[in-house]
Amino acid sequence: MVIYITIILAFVLLQLVKETYPRIHSIVYTIYIFLFLTYIFTVLIIPYVSQYISVIPANLLPVFKLLLFSVVLLFLSQIIEELFLDYEYTSLASLFTFTTKAILLIVWLNHMQQFYDKFLSILGLLS
Amino acid sequence: MEEILLSLLQPIKEVAQTFSYILLFGFVFICLEWFIPSSKRLFKLLFMLIVCIYCLEPAIRALEMIQAMTSELVTLFLGIYPILTLGIAASGGAFLITSWNPAVMLFASFTTVLAGKILIPAIMAAFIFDLISRIHPPTSFSKMSDLIRLTLIGSTSIILLLYSIFMSVNGVITWSVSGTVNETVKRLIQNNIPFVGSLLTESISTMKNFSSSASVITGNAVILSVLMLVSIPTIQTILIAFLYRLLGAILEPFVDGNISGLLDDIGKTLFVLSIISVLIAFTFFFTIILTMLFAKLLISGKG
């Protein structure tokens with residue numbers, strides 16, 4: 001509920017800024033987005049996750065942590081990408097998406113090392 | 001007995017655990033796809049990777065178990081058979097040894113080597129082809145893995161047929177179960193175990209013929225115990241294969257078709273592995289009986 005009210009209030013204030021000081025509207029909007037994201041992560045996501053993570057079985061925990069990291073990264077990247085696209089910085093948005101994909105790939109490949117080691121050992125048995 | 005039961009129940013536990021993991025991850029991924037719909041493809045790929053990490057473990061372990069058994073059996077064959085044959089001949093069993101067809105011994109060692117060097121690696125190749133086909137459907141190797149499975153079933157059936165020919169040369173049928181019951185059990189196995197059911201019944205018949213001739217020497221109770229012991233890996237593999245297919249069938253409405261298809265494919269491949277494990281069981285059985293024969297001859301020679 002707090003988030004809904006914050007968003008509606010922000011919308012009203014941003015509209016006011018747009019009408020009164022149109023030149024600083026974009027910078028205020030960008031700062032607001034980043035501050036709001038920080039607020040969501042520190043007040044909502046991190047406490048909730050640390051509260052419920054103990055429920056997950058120990059052998060699934062690494063995968064769940066990795067999954068959570070991937071989802072948060074994707075969520076952040078999507079919002080920032082849309083912000084870039086709003087101001088028509090298409091190349092920057094593409095670069096951001098590319099970087100996110102690269103990070104996800106590297107992180108998952110590192111995690112899957114045990115699996116592909118086994119896979120390669122099976123391939124070795126074929127020879 | 002408890003250890004046998006535990007070893008049979010262990011794969012059920014593992015596959016049940018895998019089932020719960022897949023359901024849990026399936027639910028998580030459905031939520032994530034709803035949450036970030038633009039990354040649906042990425043989530044699908046990640047789900048497949050997670051399924052691979054957690055799902056393939058029991059299947060790979062079954063493969064490794066059969067592989068280890070085969071390699072140990074090859075070493076055993078190379079080491080023990082010349083000594084055993086010599087021992088039987090030396091302990092006055094020269095007349096008895098003629099009733100053992102030497103071709104069987106040669107053939108048994110040949111099938112073990114064949115299973116270790118060609119059949120099991122081919123099963124592994126089928127596994128890998130299935131995995132690639134399901135992870136990246138545009139690069140599908142499903143026909144290749146089907147071909148490998150069919151070829152393996154074909155070659156195993158030929159080997160079993162040859163076994164039955166060798167065994168029937170010496171076989172003295174003294175099986176106590178009546179023909180009607182026997183046929184019913186055969187039909188039951190044929191109809192309920194997919195792909196390899198009929199092959200399995202044939203192999204059981206061959207083993208039965210062989211055990212009938214061997215029971216003259218060792219006694220029925222011993223033969224039954226040995227048969228039970230050697231059939232554990234086969235039963236275990238069939239059980240894992242069934243559970244994989246069951247898992248695929250249960251998960252079909254909830255998860256992506258490729259994931260349930262992958263589980264189904266693993267089940268099919270494990271059924272083929274189970275029939276190869278029959279070959280190993282056969283050879284193992286043959287080794288034990290020969291060792292017992294040697295021991296018996298040694299004791300009677302001393303007496």
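Predicted model: local features only at pLDDT ≥ 70, side-chain atom pairs only at ≥ 80, totals over all residues.
User: What makes up chain B, in helices and strands?

Analyst: Chain B has 9 helices and 0 strands. Of its 303 residues, 49% count as buried. Among contacts between residues at least 6 apart in sequence, 83% join residues at least 24 apart.

User: What makes B:Asp130 and B:Arg149 a salt bridge?

Analyst: The rule asks for a side-chain nitrogen of Lys or Arg within 4 Å of a carboxyl oxygen of Asp or Glu. The closest N and O atoms of B:Asp130 and B:Arg149 are 2.9 Å apart, so the pair qualifies. B:Asp130 lies in helix 4 of chain B and B:Arg149 in helix 5 (residues 142-170), 19 residues apart, so the pair is described as linking distant parts of the chain. A network of salt bridges links B:Asp130, B:Asp146 and B:Arg149.

User: Are B:Asp130 and B:Arg149 buried or exposed, and how do you know?

Analyst: Buried means under 20% relative accessible area. B:Asp130 is at 2%, so it counts as buried. B:Arg149 is at 5% and is therefore buried too.

User: What makes B:Arg134 and B:Asp265 a salt bridge, and where in chain B do they lie?

Analyst: Their N to O distance is 3.1 Å, which is within 4 Å, so the pair meets the rule. B:Arg134 is in helix 4 of chain B and B:Asp265 in helix 9 (residues 257-302), 131 residues apart.

User: Why is B:Asp265 with B:Lys268 called a salt bridge?

Analyst: The closest N and O atoms are 4.0 Å apart, and the limit is 4 Å, so the pair is counted. Both residues lie in helix 9 of chain B, 3 residues apart, about one turn of the helix. B:Asp265 and B:Lys268 are both buried. Over all chains the structure holds 5 salt bridges.

User: How do you know that chain B touches chain A?

Analyst: Contact means heavy atoms within 4.5 Å, and by that rule 27 residues of chain B are in contact with 20 residues of chain A. The area buried between the two chains is about 2,300 Å², of which carbon and sulfur atoms give 84%. B:Ile36, B:Ile53 and B:Ile128 supply 20% of the area that chain B buries against chain A, more than any other three residues.

User: Which elements give two or more residues to the side of chain B that touches chain A, and which classes of residue are there?

Analyst: The elements are helix 1 (2-35), helix 2 (40-90) and helix 4 (102-135) of chain B. Helix 2 gives the largest share, 12 residues. By class, that side has 22 nonpolar, 4 polar and 1 charged residues.

User: How many salt bridges and polar contacts are found between chain B and chain A?

Analyst: The count of salt bridges between these chains is 0. For polar contact, the rule finds 1 residue pair across the interface, both at pLDDT 80 or more.

Methods
Residues numbered from 1 in each chain as written. Chains lettered and ligands numbered in written order. Heavy atoms only, no water. Helix = DSSP H or I, 4+ residues; strand = E, 2+ residues; numbered from the N terminus. Buried < 20%, exposed > 50% of the residue type's maximum accessible area, 1.4 Å probe, protein only. Buried area = accessible area lost by both parts, 1.4 Å probe. Polar contact = N/O pair within 3.5 Å; in protein donor to acceptor, adjacent residues only side chain to side chain. Nonpolar A, V, L, I, M, F, W, Y, C, P; charged D, E, K, R; others polar.
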